[in-house]
Amino acid sequence: MTTDRLFASVERFQGTTPWGQVLDAGTGEHSLRWLSELRTEALAAVTASEGMARGLREKVSLRPQDRLLVGNWTDPTLLAQESFDTVLADYLLGAVDGFAPYFQDQLFPRLRPLVRHRLYAIGLAPYPDAAEDEGGALILELARLRDACILLAKHRCYREYPLDWTCRHLERAGFVVEDAWSTPIVYRERFIQGQLRVCEAKLGYLNDKALIAALRGQIESLRSRAMDHLRRHPEGVRLGADWVVVARAA
Ligand SMILES: C[S@@+](CC[C@H](N)C(=O)[O-])C[C@H]1O[C@@H](n2cnc3c(N)ncnc32)[C@H](O)[C@@H]1O
């Protein structure tokens, strides 16, 4: 069984039911590696990003019957007439704003005809506006700084949705929600450094030298305060939750 706690919970729910033909509807290294280690008949993995597909082709080895496709769910011809026993939408909903803004309410109706048996949707609950402790406040500051850098680079941020929004829209799309659960998130150094790297990378798209210097100062200040916090709290920072929804094709 995988060591990833969300994928492990999906494996537990699936039990002895065969995975069959599987669609990874918003693929990435994390989900594709996991799926490629399961006993599936065939895998189809979709990304809207040519760059991500290039990276995945180098990093994850697929079988002859597996496919990695670049396409957008706004395109009605993408995998038209095909269907899959199991469909995974892993952090897809939150990423839609980056590739198909305002399409979120159409995502599950679009995926519905592709699901023969079961859809697993995984996502991040939107962060609260305020944190209850110092560690949580640091993670919120990090998220705001990341999004500010993304916007200043003229790129689009992700937009996360709550569990109840997701269940409501799955039901409207003709799915039956079989089960759903939330798992609290504990943030550690790897996540914080990764998000700060996103901030740094976005500075490369800015022209205003004073603004770049000010943002660099913010990034380094946050890095040192966050690392100091983690030294005092090696158990990590608890904030927010991930959710999983299991939906059956009605
Ligand atoms: C957060 S990323 C990757 C999550 C992934 N499961 C992982 O392993 O980390 C989201 C993925 O969904 C894809 N995506 C987002 N909106 C999409 C859309 N409208 N059509 C197709 N793919 C989309 C992105 O291109 C990307 O491959």
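1. Let's start with a pair of helices. Helix 8 (residues 189–203) and helix 9 (residues 209–232) pack against each other at an angle of about 175 degrees, and their axes are 10 Å apart. Angles over 145 degrees count as roughly antiparallel, and that is therefore the label for helix 8 and helix 9. Keep in mind as you read on that this is a predicted model.

2. Who meets whom in that pair? On the helix 8 side you'll find Glu 189, Ile 192, Leu 196, Cys 199, Glu 200 and Leu 203. They meet Ile 212, Leu 215, Arg 216, Ile 219, Arg 223, Ala 226 and Leu 230 of helix 9. Sorted by class, this contact has nine nonpolar residues, four charged ones and no polar ones.

3. Now zoom out to the whole chain. There are nine helices and seven strands in the protein chain. Its radius of gyration is 19 Å, close to the 18 Å that the globule rule gives for 250 residues, so the chain is as compact as a globular protein of that length. If you like to think in boxes, the C-alpha atoms fill one of roughly 55 × 35 × 35 Å along the principal axes.

4. A couple of percentages for the chain. Of its 250 residues, 27% are buried. Take the contacts between residues at least 6 apart in sequence, and 76% of them join residues at least 24 apart.

5. Next, the ligand. It is surrounded by 21 residues, and the closest are Gly 26, Gly 28, His 30, Ser 31 and Thr 47. Helix 2 (29–36), strand 2 (42–47) and helix 4 (96–99) each give at least two residues to this shell. Which of the elements supplies the largest share of the shell? That would be helix 2, with three residues. By class, the shell has ten nonpolar, nine polar and two charged residues.

6. Have a look at Val 115, which sits in strand 5 (residues 115–124). Is Val 115 buried or exposed? A residue needs 20 or more C-beta neighbours within 10 Å to be called buried; Val 115 has 24, so it counts as buried. Leaving out neighbours within four places in sequence, Val 115 is in contact with Ser 83, Phe 84, Val 87 and Ala 249. Leu 23 is 92 residues away from Val 115 along the chain, yet their C-alpha atoms are separated by 8.7 Å.

7. Ala 180 belongs to strand 6 (residues 175–187). With 16 C-beta neighbours inside 10 Å, Ala 180 counts as partly exposed. Not counting residues up to four places away in sequence, Ala 180 touches Leu 163, Cys 167, Trp 243, Val 244, Val 245 and Val 246. As for Val 246, that residue is 66 residues from Ala 180 in sequence but 6.0 Å away in space, C-alpha to C-alpha.

8. Last, two residues to check in the backbone. Gln 81 has a phi near 75 degrees, a positive value in a residue other than glycine. Gln 81 lies in the loop between strand 3 (67–70) and strand 4 (84–90), and it counts as exposed because it has 7 C-beta neighbours inside 10 Å. Tyr 91 isn't a glycine either, and its phi is positive at about 55 degrees. You'll find Tyr 91 in the loop between strand 4 and helix 4. Tyr 91 has 18 C-beta neighbours inside 10 Å, so it counts as partly exposed.

How values were computed. Residues numbered from 1 in each chain as written. Predicted model: local features only at pLDDT ≥ 70, side-chain atom pairs only at ≥ 80, totals over all residues. Near = placed C-beta within 6 Å. Helix = DSSP H or I, 4+ residues; strand = E, 2+ residues; numbered from the N terminus. Nonpolar A, V, L, I, M, F, W, Y, C, P; charged D, E, K, R; others polar. Rg over C-alpha atoms; globule rule 2.2 N^0.38 Å. Buried ≥ 20, exposed ≤ 12 C-beta atoms within 10 Å, placed from the backbone. Contact = placed C-beta atoms within 7 Å. Axes fitted to C-alpha atoms, helices over the stretch in contact; angles between N-to-C directions. Parallel < 35°, antiparallel > 145°, perpendicular 65-115°, else oblique.
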